[in-house]
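Please walk me through this structure, from its helix and sheet to the surroundings of a few single residues.

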Amino acid sequence: MTDDELLLAEIKRDEGVIPHAYQDSLGYWTIGVGRLIDKRKGGRLTPAEIDYLLSNDIDEKVADLDKVAPWW
């Protein structure tokens, strides 16, 4: 494993990987691997992250449509 891979694995182990919004031990909204999104503490998503999430959502729905209605 590379140093980056080891660091990633360690952070995931320490923070946990949670696939939905949750409140951390201090009650602040967080996502993924300890990513603070709670506005009260300055958390946020960048415009690039928002676009990335939207792109993934669109790709998923297009793939679903391709399976059930390839003519769409």
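The paragraphs below go through the secondary structure and then through some individual residues.

This is a predicted model, in which local features need pLDDT of at least 70, side-chain atom pairs count only at pLDDT 80 or more, and totals for chains, interfaces and linings use all residues. Residues are numbered from 1 along each chain as its sequence is written, and side-chain values use heavy atoms, with hydrogens and water left out.

Helices (H or I, at least four residues) and strands (E, at least two) are DSSP runs, numbered from the N terminus. Met-1 is placed in the segment before H1. With a relative accessible area of 72%, Met-1 is exposed; the classes are buried under 20%, exposed over 50% and partly exposed in between, with a 1.4 Å probe and protein chains only. Between the C-alpha atoms of Met-1 and Tyr-22, which are 21 residues apart along the chain, the separation is 30 Å.

Helix H1 covers residues 3–15, 13 residues in number, and its first and last C-alpha atoms are 18 Å apart. That is close to the 18 Å expected at 1.5 Å a residue, where the expected span is 1.5 Å times one less than the number of residues.

Three strands make an open sheet in the order E1-E2-E3, and their pairing is antiparallel. Strands E1 (18–23) and E3 (35–36) are at the edges with a single partner strand each, so one side of each has no neighbour in the sheet. Two strands count as paired if DSSP finds at least two bridges between them. In general, strands of a sheet pair through backbone hydrogen bonds, either parallel or antiparallel.

E1 and E2 are joined by three bridges, and Ile-18 stands opposite Gly-32 in E2. The two strands form a hairpin with five residues between them, and Gly-27 in the turn has a positive phi of about 90°. Strand E2 (residues 29–32) is joined to E3 by two bridges. Thr-30 is opposite Leu-36 in E3, and Ile-31 has Arg-35 as its bridge partner there. The hairpin of E2 and E3 has two residues between the strands, with Gly-34 at a positive phi near 70°.

Val-33 lies in the loop between E2 and E3 and is partly exposed, with a relative accessible area of 31%. Together with Leu-7, Ile-11 and Val-17, Val-33 forms a nonpolar surface patch of about 320 Å² accessible area.

Arg-44 is in the loop between E3 and helix H2 (47–68). Leaving aside residues up to four places away in sequence, Arg-44 touches Arg-35, Leu-36, Ile-37 and Glu-49, contact meaning heavy atoms within 4.5 Å. Arg-44 and Leu-8 are 36 residues apart in sequence, and their C-alpha atoms are 21 Å apart in space.

Technical notes:
Patches are made of residues with over 30% relative accessible area and no salt bridge: like charges are joined within 9 Å, nonpolar side chains (Val, Leu, Ile, Met, Phe, Trp, Tyr) within 5 Å. Accessible areas come from the Shrake-Rupley method with a 1.4 Å probe; for residues, only the protein chains shown count as cover. A salt bridge is a side-chain nitrogen of Lys or Arg within 4 Å of a carboxyl oxygen of Asp or Glu.
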